[in-house]
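Here is a walk through one protein model, taken a step at a time. Keep the structure open as you read.

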Amino acid sequence: MPDTTPSATRHALLVGLLVVLFWGLNFPIQKALLTAMQPEGFLFLRFAAMPLLVVGLLLQRYGLKWPRVSRADLWALTRLGLLGQGLHLALSSYGTHWSTPFSSSVLLACGPVFTLLILRFYGLERLRRPQLMGMGLAALGALLFMSDKLLAANWRAGGGDLVLLAAAALFSYYTVAAKPLIARHGAVLVMCYASLITTLPVVLYCWPVARTVNWAAVTPLLWLGAAWGIVGIGFVSWLAWGWVNAQRGVARTAPLIYLMPPIAGLAAWFSTGESFTVPKLLGAAVALGGVALAQFTNATPVPEPEPQ
């Protein structure tokens, strides 16, 4: 059960803020890695190294007697791994490679809207009018945000933005679908089992391109960035985010994502000199404002059916 004492709540909030800070700062690093290694190369490296980290953590925590899960939970973990980790990370890598660090952070921060839609799809909440207005505002802001690329016929960057929106939807699916599994098995077991299930399909998919990457040309600084991206961002932060969701709840944790775009924007401006046009900044503000309106308006829970 989550620890709801004030000190534990403050601790979970601090961890959540640190995770979002690291995610925001990582966007320019990830952009450089994807340019040097190609998305398939970086994904291959990440998923080839992940089993070593996962198995080491499982051995440290459980020894050789890893907990069993039911057949139903195994299928749920398979879906969670393939969609919420494998496909989500693949799409976010392609989208970031084709787009810019700031665009990646803004569009991935639209995830709470998809979270609400998923909760509505599963019949867990009914959306109220302000939430629907917020979703419409977020969509309008996203279009305004992407307008400069679309008007300039920059289909590579515009397509990257659309791919990032799909990645945001899959991350929202991961957040919602992981919660009941984490409640039964804990964040560590869920993340580790989902990662192990996802490893082989992703490695097989990436291998044809990864084998053509000139790994000898990757600089030591980029290798250090790759180690940070795999261990710090891809492993530790995912564990921490699952734990924060379990402690604070999805609804209270999701708004922390709104802090990611300004962090990523400042990091991209400082490290790569990325420029921000007025329509782009206005679109980002409108999109995030719509997401906030949809997120902070209380939805109506679907009532439990009366016993017969």
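Start with helix 7, residues 187–210, and helix 8: their axes come within 9 Å and cross at roughly 135 degrees. That angle makes helix 7 oblique to helix 8, because only angles over 145 degrees count as roughly antiparallel. The crossing of helix 7 past helix 8 is right-handed. Keep in mind that this is a predicted model.

Which residues make the contact between these two helices? Helix 7 brings Ala-187, Val-188 and Met-191. Helix 8 answers with Gly-234, Phe-235, Trp-238, Leu-239, Gly-242 and Trp-243. Sorted by class, the contact of helix 7 with helix 8 holds seven nonpolar residues, two polar ones and no charged ones.

Now turn to another pair. Helix 3 spans residues 101–108, and helix 10 spans residues 260–272. Their axes come within 8 Å and cross at roughly 175 degrees. Helix 3 and helix 10 are therefore roughly antiparallel to each other. On the helix 3 side, the contact uses Pro-101, Phe-102, Ser-105, Val-106 and Leu-108. On the helix 10 side, it uses Met-260, Pro-261, Ala-264, Gly-265 and Ala-268. This contact between helix 3 and helix 10 counts eight nonpolar residues, two polar ones and no charged ones.

How many cavities of 30 Å³ or more does a search of the whole structure find? There are four.

The largest cavity contains about 390 Å³ of space. Its lining comprises 21 residues. Those nearest the centre of the largest cavity are Gln-30, His-88, Leu-89, Ser-92 and Ile-233. Four helices each supply at least two residues of this lining: helix 1 (6–62), helix 2 (71–98), helix 6 (155–185) and helix 8 (220–248). Helix 1 gives the most, with eight residues. By class, the lining of the largest cavity has 13 nonpolar residues, seven polar and one charged.

The second largest cavity has a volume of about 80 Å³. Its lining is made of Leu-108, Gly-111, Pro-112, Thr-115, Phe-171, Ser-172, Thr-175, Trp-241, Ala-254 and Ile-257. Helix 4 (111–121) and helix 6 are the elements that give two or more residues to that lining. The lining of the second largest cavity divides into six nonpolar and four polar residues, with no charged ones.

Key: Residues are numbered from 1 along each chain as its sequence is written. This is a predicted model: local features need pLDDT of at least 70, side-chain atom pairs count only at pLDDT 80 or more; totals for chains, interfaces and linings use all residues. Side-chain values use heavy atoms; hydrogens and water are left out. On a 1 Å grid over the protein atoms alone, a cavity is a set of points where a 1.4 Å probe fits but cannot get out, and a pocket is an open set with protein on both sides within 12 Å along at least five of seven lines; lining residues have an atom within 4 Å of a point. Grid points are joined across faces, edges and corners, and a volume is the space filled by probe spheres set on the points. Ala, Val, Leu, Ile, Met, Phe, Trp, Tyr, Cys and Pro count as nonpolar, Asp, Glu, Lys and Arg as charged, and the others, Gly among them, as polar. Axes are lines fitted to C-alpha atoms, for helices over the stretch in contact, and angles run from 0 to 180 degrees between N-to-C directions. Angles under 35 degrees count as roughly parallel, over 145 as roughly antiparallel, 65 to 115 as roughly perpendicular and the rest as oblique. A crossing is left-handed if the near helix is turned anticlockwise from the far one by less than a right angle, and right-handed if clockwise. Contact means heavy atoms within 4.5 Å.
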